[in-house]
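Please look through this briefing with the sequence and the 3D view side by side.

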Amino acid sequence: MPEKITVPSVRARKRRRGSEPIVMLTAYDTPSAAAADAGGAEILLVGDSVANAVLGHPDTLQVDVHVLAHHAGAVARARPRALVVVDMPWLSYHLGEADAVRNAAELVRAGAEAVKIEGGAVRVPVVHALLAAEIPVMGHLGLTPQSVHVMGGYRVQAREDEAAAALVADGLALQRAGCFAVVVEGVPDVVGAALCDALEVPVIGIGAGAHTDGQVLVFHDLLGFGQVPVAKFVRQYANLHDVAARAVSAWAADVRSGSFPSDAETYHASTRIATSP
Ligand code: KIV
């Protein structure tokens with residue numbers, strides 16, 4: 001039985017020290033968590049991307065901590081070997097440290113083994129408060145979807161030298177504050193690499209090039225289970241939308257032709273029950 005992935009085991013994973021890249025995937029329910037775990041994902045992220053990927057919202061701002069806790073519970077009940085990290089949604093850590101700790105506690109009680117928050121040096125007091133409550137924290141820099149309106153859309157970040165330097169400084173601030181890993185999203189590969197070089201904790205990339213200490217993708221993007229166009233950085237390994245639509249269409253045809261259910265798919269009674277004439 002392979003060993004459970006823990007926060008300390010993730011913190012130790014650095015490619016420049018000879019570690020294999022970390023494999024992280026989102027999961028939002030028990031069957032997807034079980035499939036991702038069986039496929040070898042080492043971190044399951046109950047992302048606030050549940051809003052777009054599963055719940056049909058246009059952005060991640062539409063889900064609150066109760067929604068994330070609901071999905072965290074479903075993922076934790078798969079009892080994965082992978083570490084379960086849960087996103088703190090927008091406004092669950094912006095209104096003061098005590099509020100952030102209370103919200104993170106709801107996620108931990110639902111099954112989170114760590115939480116992820118978006119933002120750099122400005123989040124240091126929240127990271128301290130969460131760690132003081134014994135809740136491990138993963139950072140998230142670069143294209144941070146909760147800032148969609150401030151960024152003016154989902155745009156690649158840190159393309160200029162000054163912004164790239166600021167991003168690395170933010171990473172160092174999160175590391176000093178005690179984050180055990182940092183996600184970096186939507187940045188040029190050289191910026192992903194520079195952040196990786198600067199930090200002792202692992203940097204997990206999404207749309208951040210090939211040089212990071214790990215990669216993360218959204219489950220539904222990887223599997224082609226959704227109708228929205230996917231970002232340039234997504235490699236799709238299946239088209240579950242078409243597989244599901246084909247299966248439903250075959251069943252619908254069987255229902256319409258009367259060939260479903262068959263006798264073998266039908267319960268029978270030992271007595272004859274009178275039916276209407
Ligand atoms: O919510 C999410 O899926 C994420 C990943 C994109 C890192 O935060």
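**Lys 116 and its setting**

Lys 116 is found in strand S4, which covers residues 114-116; helices (H or I, at least four residues) and strands (E, at least two) are DSSP runs, numbered from the N terminus. This is a predicted model, in which local features need pLDDT of at least 70 and side-chain atom pairs count only at pLDDT 80 or more, while totals for chains, interfaces and linings use all residues. Residues are numbered from 1 along each chain as its sequence is written, and side-chain values use heavy atoms, with hydrogens and water left out.

- Lys 116 counts as buried because its relative accessibility is 3%, where buried means under 20% relative accessible area, exposed over 50%, and partly exposed in between (1.4 Å probe, protein chains only).
- The side chain of Lys 116 makes a polar contact, at 2.7 Å, with the side chain of Asp 87; a polar contact is a pair of N or O atoms within 3.5 Å, and within protein one must be able to donate a hydrogen and the other to accept it, while residues adjacent in sequence count only if both atoms are side-chain atoms.

**The ligand and its surroundings**

- The residues that surround the ligand include Thr 26, Leu 45, Asp 87, His 140, Glu 185 and Val 218, and a residue is near a molecule if one of its heavy atoms lies within 4 Å of it.
- By class, this shell has four nonpolar, four polar and four charged residues; Ala, Val, Leu, Ile, Met, Phe, Trp, Tyr, Cys and Pro count as nonpolar, Asp, Glu, Lys and Arg as charged, and the others, Gly among them, as polar.
- An N or O atom in the side chain of Ser 49 is 2.5 Å from an oxygen atom of the ligand, and for an N or O atom in the side chain of Lys 116 the distance to an oxygen atom of the ligand is 2.8 Å.
- The ligand on its own has 260 Å² of accessible area, and the protein covers 95% of that, with areas taken from the Shrake-Rupley method with a 1.4 Å probe.

**Backbone features to find**

- Most residues other than glycine have a negative phi, and most peptide bonds are trans.
- Glu 134 is not a glycine, yet it has a positive phi of about 70 degrees, and it is found in the loop between helix H6 (124-132) and strand S5 (137-142).
- Glu 134 counts as exposed because its relative accessibility is 68%.
- Ala 158, also not a glycine, has a positive phi of about 55 degrees and lies in the loop between helix H7 (148-151) and helix H8 (161-177).
- Ala 158 is buried, because its relative accessible area is 8%.
- The peptide bond from Phe 260 to Pro 261 is cis, with omega near -5 degrees, and Pro 261 is found in the segment after helix H11 (240-257).

**Pro 188 and the chain as a whole**

- Pro 188 is found in the loop between strand S6 (181-185) and helix H9 (189-198), and it is partly exposed because its relative accessible area is 21%.
- From C-alpha to C-alpha, Pro 188 and Ile 204 are 14 Å apart in space, and they are 16 residues apart in sequence.
- The secondary structure of the chain comes to 11 helices and eight strands, and 45% of its 277 residues count as buried.
- The C-alpha trace of the chain spans about 80 × 40 × 35 Å along its principal axes.
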